[in-house]
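Take a look at the structure below.

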Amino acid sequence: MKEGVMGRKVAIVGTGQTHHKARQADMNITEMIHVAVKRCLEDAELTMDQIDGVLIGNMEHFEGINLSDMWAVDASGALGRYGMKITTGGSTGTSLSMAAYYHVASGLFDIVMAIGWQKQSEGETTAGLISATDPIWERLGFAGAFGTFGAAATQFMKEYGLTEEHAAKVAVKNRQNGRRNPYAHLKLDITVEDVLKSPMLAYPVRMLDMCPASEGACAIIMACEEKVKKITDRPAWVAAAVTRHDAPFIGDVPMFMDLRTLRSAAKEAYARAGIYNPLKEIDVIELYEPVSWAELSFIDALGICERGEGGKLIDKGITYMDGECPVNPSGGVLCTNPIGATAMLRVAEAAIQIRGQGGERQVPKKVNTAVATGYGGNWWSDLMILKSSL
Amino acid sequence: MKKPLTIAYRAVLPFQYSAGRMGSRFFNELRENKRIMAVKCSKCARAYVPPRPVCGYCYAPCEQWVEVGPEGELIGYTVVTFSFLDPLTGRERPVPYGYGYIQLDGAATRLLHFIDETDYSKLRPGLRVRPVFKEKREGNIADIECFRIVS
């Protein structure tokens, strides 16, 4: 992104989400989207006629449907408005959030809504993920997210001396956080022992190390400075939005979990937002952790600890709800994973923390700077920094 | 309200993918000569498996073919013990099976393939592995049956 150029000031002025579940049999996709959009408009105290454009997306293949932007157009509010579908796999929700930000920052639109959704029980999750990989080279052995992260974790363990106990601690921390989030899918009162005894999916990844397959939708509204003043006195300003893609095949990167894309995105985003000491200056992080192991490694890519020291970080309690830098007070992806909405939930939950709307999941300190990340593709990263003032 | 309804639908969709200029050369070598080939970036000299027409880092063409492996180093591995619907067959994928990422000697990248071992305590990063080629090869990635630990 062009250095030193900010565009217009933009803030999140509303968020809305469904009560996420394994299966929402009483709603179809359109109805589920409608719930999130309605709650988002209510939160912002806006009506659909005040929205200039609507961006929507999910990860394709999962439900075996493609043109949701067409047949869910009434519930999304896009009928007769500007809008487009954006779908980038796991990072769909952050791509949508960033696109909404770019729309408003450009000066061409004043108020834009973004919607992410997924209804995983309607299709086959791992089959869907396999269908997203190269058909000729990678589908034969590839075993979806848990297989990929199993193979990544074996390399990561050996390189940095991390253990299954470290990963289990993350799984427990996020599940205990999720119990305080009324919207979370999984609310599990579990211990490290429970995680270590749970069935092995793909060594060393166990059932309780892994995110669930959820159904749900999320929506956010971004507005320009002039409109923000009329809408809310608690905006969550966008201080930076950075995206990085990596090479096409999973095996192209030398150190799988090192997440060089996030390391690089963080460097640029911190420079834009004026963050010099991430641990001291970031109040809360909503991190896209598809598996417990990912939080252990992705957190060092964000510069919260030294490389490979994610285990020590959790041992010291720094990332707990009452720690110096709470990670995933919402419960994170380990509790809630409607894929096309998952990364947007990170952005929405970061905004909720800035706006002080977290209720029982609100971290016990003043939140001025919050970071949200998105993860997808082959080791791709998105990163947004939100602030209480710019 | 009565119980909500679910409308079930089972789709069987045929697909056929072009292996491309690079893939065709790779799979012909594999089928006919049991050779694993990589293609090198004309600028940075990274040797790519899978082969590709252009290096993403340099945006320079990949032109020179080199043989890599057949042995290599196991970088990351797992043993899959949880079954799932395999979109390649429409059936549950048989488990357990081992798979991993193999850095073939001379290659800059790691190839995803089966590892002929389902006891994860016998696997570790850095192990030397070699390919087991299929007797009847058809010109696809399954012409390599799996990789086996070099004892």
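Which residue forms a salt bridge with D252(A)? The partner is R52(B), and the closest N and O atoms are 2.7 Å apart. A salt bridge here is a side-chain nitrogen of Lys or Arg within 4 Å of a carboxyl oxygen of Asp or Glu. Across the interface of chain A and chain B, the rule finds one.

This is a predicted model, in which local features need pLDDT of at least 70, side-chain atom pairs count only at pLDDT 80 or more, and totals for chains, interfaces and linings use all residues. Residues are numbered from 1 along each chain as its sequence is written, chains are lettered from A in the order in which they are written, and side-chain values use heavy atoms, without hydrogens and water.

Now the whole interface. In chain A, 41 residues are in contact (heavy atoms within 4.5 Å) with 37 residues of chain B. The two chains bury about 3,400 Å² between them. Of this, 68% is on carbon and sulfur atoms. Buried area is the accessible area (1.4 Å probe) lost when two parts are put together, summed over both.

Turn to chain A and its helix α12, residues 292–301. Ten of its ten residues are buried, so α12(A) is largely enclosed by the rest of the structure. Buried means under 20% relative accessible area (1.4 Å probe, protein chains only). Among these residues are W293(A), L296(A) and F298(A). After α12(A) comes G303(A), with a positive phi near 80 degrees.

Helix α7(A) meets α12(A): among the residues involved are H166(A) and V170(A) on α7(A), and W293(A) on α12(A). By class, this contact has five nonpolar, three polar and three charged residues.

How values were computed:
Axes fitted to C-alpha atoms, helices over the stretch in contact; angles between N-to-C directions. Helix = DSSP H or I, 4+ residues; strand = E, 2+ residues; numbered from the N terminus. Nonpolar A, V, L, I, M, F, W, Y, C, P; charged D, E, K, R; others polar. Buried < 20%, exposed > 50% of the residue type's maximum accessible area, 1.4 Å probe, protein only.
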